[in-house]
Structures are given as structure tokens and as C-alpha cells.
Amino acid sequence: MEKWKTEIEELDIKLQQAQVEKSRFQEQCASLQSELEKSQSEAEDAIERLRAEKEAEINKLRSEKNLEMEKLAEEKDAQINSVRAEGKFALMAERDSNQLLKAEMQASQQTFDKRQQDFLSQIEGLKEMKTDALNELSTLKEQYQQNTLEKMAKIDELKSLVSSQQEGLTQQQQKLSEMEEEHGRKLAGKIQEISELQSRLEQQAETQQQQLTKISELQSRFEQLAERERLKLSELNASHEREMAAKNKRIDEMQALLDRQMEPCEDVVEVTQRNRIILLTGYKEGSELNELKEAIEVLGGTVRHGSFSSDVTHCIAQGRTAKLLKALLKGIWVMDQSWISASKSSGGFLNEQDYGRRITKKPFDGMNFSVTRGFNQEAEKRNAQLLKICRSFVKMGGGKFVELGNNSDYIFIAKKEHSNQLARVQSLTWEGFLEKIESLGRE
């Protein structure tokens with residue numbers, strides 16, 4: 001659409017330029033026509049003035065000649081009369097005088113003829129100048145007509161181009177109108193869909209409000225159940241004295257359990273210089289991870305990234321991850337990243353004890369774990385797999401799950417639950433359990 005608007009604006013600019021050029025050309029043609037007409041008028045006026053001047057001069061010469069002729073004739077008549085009066089001698093003198101006068105008249109006639117010839121020559125020259133001027137005027141007219149025809153041809157060509165572009169523009173505007181109509185229809189459809197979606201959202205909001213009401217009711221019921229559970233716990237506290245007799249027996253069993261824990265962990269992998277298989281966890285793809293992989297391979301180790309296989313001997317983690325906790329529970333070396341850089345500088349893997357930690361016995365061997373209802377609800381809200389992960393970590397550490405209150409060593413509770421529900425049982429939240437695992441091997 002923007003492209004069409006730009007083309008339309010360019011066509012409008014070209015059309016305006018063509019119209020301006022046409023107006024300028026018409027003004028030039030009109031000016032040239034005016035100059036030609038003015039030159040022709042001035043030439044005709046000059047010819048007429050010259051012709052009038054020459055005619056006036058000829059008439060003046062003729063008048064002077066006639067006056068001279070009349071004067072000479074009067075003088076001749078006077079002389080003739082004088083000769084007649086004076087006699088024959090005077091007649092002869094008069095005859096000589098007449099001959100002299102005749103010669104003078106012939107000379108005057110020749111002078112007049114010469115002047116008349118010069119005047120006619122000038123007239124012919126003026127006629128030739130007029131002819132040249134008319135020819136030049138005709139040539140200028142032809143050039144003007146030729147230029148006019150060329151300009152008109154260009155104007156017609158521009159008109160044709162503008163007309164074709166206007167037709168294209170009209171078609172584009174028609175297409176644009178169709179597109180706008182189509183867009184309007186689609187927009188109307190989208191608006192209708194949005195209205196329907198808004199109606200659905202309002203219905204969902206109403207449903208959610210009803211669900212919140214139900215949740216409030218369930219929460220009230222849960223509080224009632226919690227009150228009942230607290231009463232049960234009070235009863236359990238009352239039965240604590242009855243269980244004190246069995247405590248000594250339990251102590252003996254725990255002593256035997258401790259003796260078993262002193263034995264080496266069967267899952268611990270003995271590490272040699274040749275079979276270091278290092279698991280990298282918590283690292284994002286990038287230059288740091290690539291450099292770490294390259295350094296391990298240069299040292300002769302094998303890199304695992306993304307999968308925890310059974311042959312892993314070392315773990316390097318960035319932050320707390322599930323693989324890190326799993327490595328700690330399995331008795332695998334958990335190393336600091338500086339171990340790799342220091343080993344690279346020395347040209348071989350350095351002693352693990354200076355840069356890492358591991359356990360040699362299962363931390364929860366023979367221990368019983370239980371969960372409260374609050375912990376179960378909290379686990380379901382946080383992650384559907386959290387309870388499963390919790391059970392796997394306990395099992396990996398050598399422990400097992402039992403029913404609540406059935407000789408439990410540890411009990412998992414929610415954050416908001418009281419930690420002293422059973423005086424003889426240690427309470428653990430999920431975060432406390434993870435911290436407990438993460439601290440293994442640091443004592």
C-alpha cells in the first residue's frame with residue numbers, strides 16, 4: 001500500500017512538472033510569435049517610411065524641375081522677345097543661348113535620371129531586405145511550427161504516459177479498495193472472534209470464581225481436618241511415654257546400623273588415571289562449556305553432558321542440579337571447576353581430594369522416612385514429579401519410606417507445618433532435604 005502511494009505521488013509530481021513545462025513552452029512560443037510579429041511590423045513600417053521619404057524626395061525633385069523648366073521657359077520667352085526687338089544679332093545670340101540652355105537641361109535631366117536610378121536601386125534594395133526579412137520570418141515560423149509540433153508530440157506522449165499511469169493507478173486504487181474491503185471483513189471477523197473470546201473469558205472468570213468459592217470451602221474443611229490431626233498428634237504425644245520402653249531396643253538397632261554404615265559403599269566407583277568420565281551439569285551452551293569440554297578431552301578424560309550414565313566417575317556442576325545431588329548420593333567425586341584449569345596447567349589430572357568431595361557410605365542406610373499430608377499437597381502443587389524424586393533420592397541414599405508414625409527417623413513436612421509434631425522424629429522440608437544432600441562430603 002505504501003509503495004502504491006509513493007508511485008501515485010511520483011506520478012502526480014511528473015504530471016505537475018509536465019504541465020509546468022508545457023506552460024513554459026507555451027509562454028516561449030507566445031513570446032517568439034510576439035517578437036516575430038513585432039519585427040515584421042517594424043520592417044513593414046521602415047519600408048513604408050523609406051518609400052514615403054523617397055516618393056516625397058522624387059516629388060520634390062519633380063516640383064523643382066518643373067519650376068526650373070517654367071523659369072527657363074519664361075526667360076526664353078523674354079529673351080525671344082528681346083531678340084525680336086534687338087534684331088537678327090540678338091536672334092543668333094539667343095540661338096546660342098538656347099543651345100546652352102538645352103545642354104544644361106540635358107545635364108539636369110541626366111542628373112535627375114541618375115538620382116531616380118539611385119532611388120530605384122535603393123527601392124530594390126529595400127525590397128530585397130523586405131524579401132530577406134520575409135524569408136527569415138518564414139523560416140522562423142517554420143522553426144516555430146516545427147518546435148511546436150515537437151513540443152506537442154512530447155506533450156501528447158506525456159499525456160499518454162500519464163493516462164496509462166492514471167489507468168494503472170486507478171486499477172491499483174481499485175485493488176487497494178478491494179484489499180481494504182477484505183481487510184475490513186477480516187477485521188470484523190476478528191472483532192467478532194475477540195467478542196466471543198471475551199465472552200468465553202468472562203464465563204471462565206465466573207467459573208474460576210465458583211472454583212475459588214469451592215477452594216475456600218475445601219480450605220475450611222482442610223482446617224477442620226488439620227485440627228483433627230493436631231488432636232491425633234496430641235494423642236500420639238501421650239503415647240510417647242509408652243514407647244520409651246522400646247527406645248533402648250531401638251538404640252541397639254541404631255548402633256548395629258551405624259556399624260553397617262562404616263562399611264564401604266558398594267556403589268562407589270574406583271577411579272583410575274585412565275577412566276575419568278566427567279559429567280557436566282548446570283552449564284548453558286556457550287564458550288565456557290566448550291572450553292571446559294576441550295580441556296577435559298585434552299587431559300584424556302571423557303565428557304558427559306545431558307545424561308547421567310552408570311559409568312560416570314566425576315561430576316562438575318554449576319549451581320544445584322538434580323544430577324549433582326544424584327552424584328553425591330552415589331558416592332561419585334563432585335569436583336570444583338578449578339580442578340580442570342589446574343590440571344590443564346600441570347599437564348595431567350591432579351589429586352581429587354584437593355579439589356573435590358565424595359562419600360564412602362550411603363547417608364540414609366537403614367533409615368525410615370515418612371511424609372505428612374501437608375507435604376503431599378505441597379508437592380502436588382509445586383511439581384507432579386516432586387514426590388517421586390524425593391522417594392528416589394531416599395532410596396538412592398539407602399533409606400526407605402514407611403507410614404507416618406511407624407518408627408520414622410525423618411518426616412517430610414510442608415513449609416507452614418509445625419516441625420515439632422513428633423518430639424522423637426527429625427522434621428525435614430523439601431529445601432532442607434536438598435541442602436542436607438548438597439552438604440554431603442563437606443564434614
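Strand β3 (residues 314-317) and strand β4 (residues 333-335) run parallel and are joined by 3 bridges. Strands here (E, at least two residues) and helices (H or I, at least four) are DSSP runs, numbered from the N terminus. Two strands are taken to pair if DSSP finds at least two bridges between them. Within this pair, histidine 314 has tryptophan 333 of β4 as its bridge partner.

The model is predicted, so local features need pLDDT of at least 70 and side-chain atom pairs count only at pLDDT 80 or more, whereas totals for chains, interfaces and linings use all residues. Residues are numbered from 1 along each chain as its sequence is written, and side-chain values use heavy atoms, with hydrogens and water left out.

### The chain as a whole

The chain holds 9 helices and 9 strands. Of its 443 residues, 25% count as buried; buried means under 20% relative accessible area, exposed means over 50%, and partly exposed lies in between (1.4 Å probe, protein chains only). Contact means heavy atoms within 4.5 Å. Among contacts between residues at least 6 apart in sequence, 71% join residues at least 24 apart.

### The five-stranded sheet

Strands β3 and β4 belong to an open sheet of 5 strands, ordered β2-β1-β3-β4-β5, with mixed pairing. At its edges stand β2 (302-305) and β5 (356-357); each has a single partner strand, so one side of each is left without a neighbour in the sheet.

Strand β1 (277-281) is joined to β2 by 4 bridges, and the two run parallel. Isoleucine 278 has valine 303 of β2 as its bridge partner. In β1, 5 of the 5 residues are buried, so the strand is largely enclosed by the rest of the structure. Ile277, Leu279 and Thr281 point one way from β1, while Ile278 and Leu280 point the other way.

Helix α4 (residues 287-298) lies across β1 and β2 and runs at about 150 degrees to β2. Helix α5 (residues 322-329) lies across β1, β3, β4 and β5, at about 145 degrees to β3. For these angles, axes are lines fitted to C-alpha atoms, for helices over the stretch in contact, and values run from 0 to 180 degrees between N-to-C directions.

Strands β8 and β9 run parallel and are joined by 3 bridges; phenylalanine 412 has leucine 428 of β9 as its bridge partner.

Helix α7 (residues 373-382) has Gly374, Phe375, Glu378 and Ala379 as its buried residues. Seen down the axis of α7, these residues fall within an arc of 135 degrees, so they line one face of the helix. The arc is that of the directions from the helix axis to the C-beta atoms. Their cover includes β6 (368-371), α8 (386-396), β8 (410-412) and α9. On the other side of α7, Glu380 and Lys381 are exposed.

### Selected residues

| Residue | Relative accessible area and class |
|---|---|
| Cysteine 315 | 0%, buried |
| Cysteine 390 | 0%, buried |
| Serine 408 | 4%, buried |
| Glutamate 438 | 19%, buried |
| Lysine 141 | 36%, partly exposed |

Glutamate 438 is found in helix α9 (residues 430-438). Its side chain is joined to that of arginine 320 by a polar contact of 3.0 Å. A polar contact is a pair of N or O atoms within 3.5 Å; within protein, one must be able to donate a hydrogen and the other to accept it, and residues adjacent in sequence count only if both atoms are side-chain atoms. Leaving aside neighbours within four places in sequence, glutamate 438 is in contact with Arg320, Leu325, Leu328 and Arg357.

Serine 408 lies in the loop between β7 and β8, and its side chain makes a polar contact of 2.4 Å with the side chain of serine 370.

Lysine 141 is found in helix α2 (residues 88-238). Lysine 141 and leucine 32 are 109 residues apart in sequence and 9.3 Å apart in space, C-alpha to C-alpha. Beyond its neighbours within four places in sequence, lysine 141 is in contact with Leu36 and Gln40.

The structure holds 0 disulfides, a disulfide being a pair of cysteine sulfur atoms within 2.5 Å.
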